[in-house]
Amino acid sequence: MAATTTSFGAANGAVLKDPKIKMWNFDGLRFSDSLNLTKHVNVFSVSSSRPSLIQAVSTPVKPETQTKRSKVEIIKENSDYIRYPLNEELLTDAPNINESATQLIKFHGSYQQYDRDERGEKSYSFMLRTKNPCGKVSNKLYLTLDDLADQFGIGTLRVTTRQTFQVHGVIKKNLKTVVSSIIRSMSSTLGACGDLNRNVLAPAAPFARKDYQFAQKTAENVAALLTPQSGFYYDMWLDGEKFMTAEPPEVVQARNDNSHGTNFSDSPEPIYGTQFLPRKFKIAVTVPTDNSVDILTNDIGIVVVTDVNGEPQGFNLYVGGGMGRTHRLESTFPRLAEPLGYVPKEDILYAVKAIVVTQRENGRRDDRKYSRMKYLISSWGIEKFRTVVEQYYGKKFEPFRELPDWEFKSYLGWHEQGDGGLFCGLHIDNGRIRGKMKKTLREIIEKYNLDVQLTPHQNIILSGIREDWKLPITATLAQAGLLQPEYVDPLNLTAMACPALPLCPLAITEAERGTPDILKRVRAVFEKVGLKYDESVVIRVTGCPNGCSRPYMAELGFVGDGPNSYQIWLGGTPSQTTLARSFMDKVKIQDLEQVLEPLFYYWKQERQSKESFGEFTTRVGFEKLQEWVNKWEGVVATPPKYN
């Protein structure tokens, strides 16, 4: 595919440093001069590169500027496009950075942290998160990250629930070395955190199928479309050095298109402006049936629609998913995305941009608890939201195409790619790569020159493997504890946890460190009530209500609500299509069996054929479940069926 070469970095940075360039304050959407600000302008045509059915819509009226804004909005506005005061704070001898810089460094892909296990003076460090659309990690990048984790981190890599790597424990004076090394390995941390589009998910399976490859290419294009353009990232970490990237021309054209008033025409950030988005923004792309990406938990879910021959024709769009909430504040809630409509394949970038701009202009900026797009859609309703998006899109959405049922796909174990090669999916407990496992993975990836793909369930896929490498690779992996899925406890295979303590400043209780013990105790309860080994439930654990491990989609979710205490959420499904609900609060970690034993016992005794645990809890109802828990006196011995 032909590519247009663009330069992030020095070129844009030079513009910003020119004293003749005025730094605009955020005042809502600025339309191009050809558009009338005071009334709707009917638009009857679109770019010739978008040959789908044209329907007249109206350009939206500029929304009223929100007068009250949060502290973070003020920090962003005064930051010179996410530069100041971070650029000055990074030069000080202090081990930490100030509050404003702490907010801004998130846009660069980093969080300031300290070890909460230590007493006395805080020991500050930084977590760096990569940005890898589709979870693709080249051989060179993996080896670089492996080295950086040892030399500048705590010696571990962590796979996240959004197909990225985290490096923990980087001290301030080493940040520039680590980030610049990642950039020179053809990757980035830009936008892995902060109020902008985060890493774009797609199925990690490297199938040589048109639909899978098209989904991954779309994810890469959407990620490129929504990448910041003002050069702040490269100014900070490469001293403004020109860093060349090749972008498909359709991405450049969609970003620059201002036919429907989407862009800030005089800004180095044409889509984001000075304020960027009200909060983080998450997008996933997949193909029908493949819900390896938790599609309904994203702000935008994009589903490839093909014809009978498997040729991609367009996309179904979901909008409004999100997991975060606040304890004891019922006006905050997890939410599933809902159907928005269908667009032909050549229009996907324009449709995504229209959705993002709708959130940019209308999402709340006064209270960050309510700034995600899910709250805008909950407030407006999907019909009003669709109408406004269509005005920025320039067309009406076509009806949502019918889809088959969703299934969770882990891609663990050995699979054929379809091009003569094999790939191997490896289960990584909570995504943490350390010790012998880390050393062995490096040896294999380096020896066989393998590329890596990360899954949204914190696992790793090794791709491009020849048939004659399968046996030696399998044996070497097993020696390091990286077993094939049939040798891993089924409870572990679907479990997830966020990092939580000791480094996450938001954690209320344990998640990653506590999950192995929780899973062992669940297995013991299974055995006690007579459930078989190969039976399982989807368990997710998070140290606070923000829901980074997506516990609100679990069949059994543990959400930290106090020291050594959890809310218990029930009702998700193995296919990850149903929202769980809060069942009990303030369950102390030592009391879990008192709740789990009756729940699992009655699931075994009274479930319907092939009924999952989540489906069972929803059918029976929480009132009955609570009654069973309250009256529980232990497992009742079952008389033998035969003498």
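I count a charge as sitting over a ring if NZ of Lys or CZ of Arg is within 6 Å of the ring centre and within 35 degrees of the ring normal. With that in hand I opened this predicted model.

**Charges over rings**

I looked up Lys 122 and found its charged end over the ring of Tyr 114, 4.5 Å from the centre. I then turned to Trp 603, where Arg 607 lies over the face at 4.8 Å from the ring centre.

**Ring pairs**

I searched the whole structure for aromatic pairs and got 30. I picked Phe 526 and Phe 600: their ring centres are 4.9 Å apart and their planes stand at 80°, so I noted the pair as edge-to-face. I checked where they sit, and Phe 526 is in helix H16 (residues 515-529) while Phe 600 is in helix H17 (residues 592-606), 74 residues apart. Phe 526 and Phe 600 are both buried.

Next I took Tyr 601 and Tyr 602, with centres 5.2 Å apart and planes at 85°, so this pair is edge-to-face too. Tyr 601 has 9% relative accessibility, so I wrote it down as buried. I followed the ring pairs onward and found a cluster of Tyr 601, Tyr 602, Phe 616, Trp 628 and Trp 632.

**Helices H18 and H19**

I looked at how helix H18 (residues 613-620) meets helix H19 (residues 622-631): their axes come within 6 Å and cross at roughly 100°. I therefore call H18 and H19 roughly perpendicular to each other. From H18 the contact uses Phe 616, Thr 617 and Val 620, and from H19 it uses Phe 622, Lys 624, Leu 625 and Trp 628. I sorted the residues of this contact into five nonpolar, one polar and one charged.

Notes
Residues numbered from 1 in each chain as written. Predicted model: local features only at pLDDT ≥ 70, side-chain atom pairs only at ≥ 80, totals over all residues. Heavy atoms only, no water. Axes fitted to C-alpha atoms, helices over the stretch in contact; angles between N-to-C directions. Helix = DSSP H or I, 4+ residues; strand = E, 2+ residues; numbered from the N terminus. Parallel < 35°, antiparallel > 145°, perpendicular 65-115°, else oblique. Contact = heavy atoms within 4.5 Å. Nonpolar A, V, L, I, M, F, W, Y, C, P; charged D, E, K, R; others polar. Phe/Tyr/Trp six-rings, centres within 6.5 Å; stacked < 30°, edge-to-face > 60°. Buried < 20%, exposed > 50% of the residue type's maximum accessible area, 1.4 Å probe, protein only.
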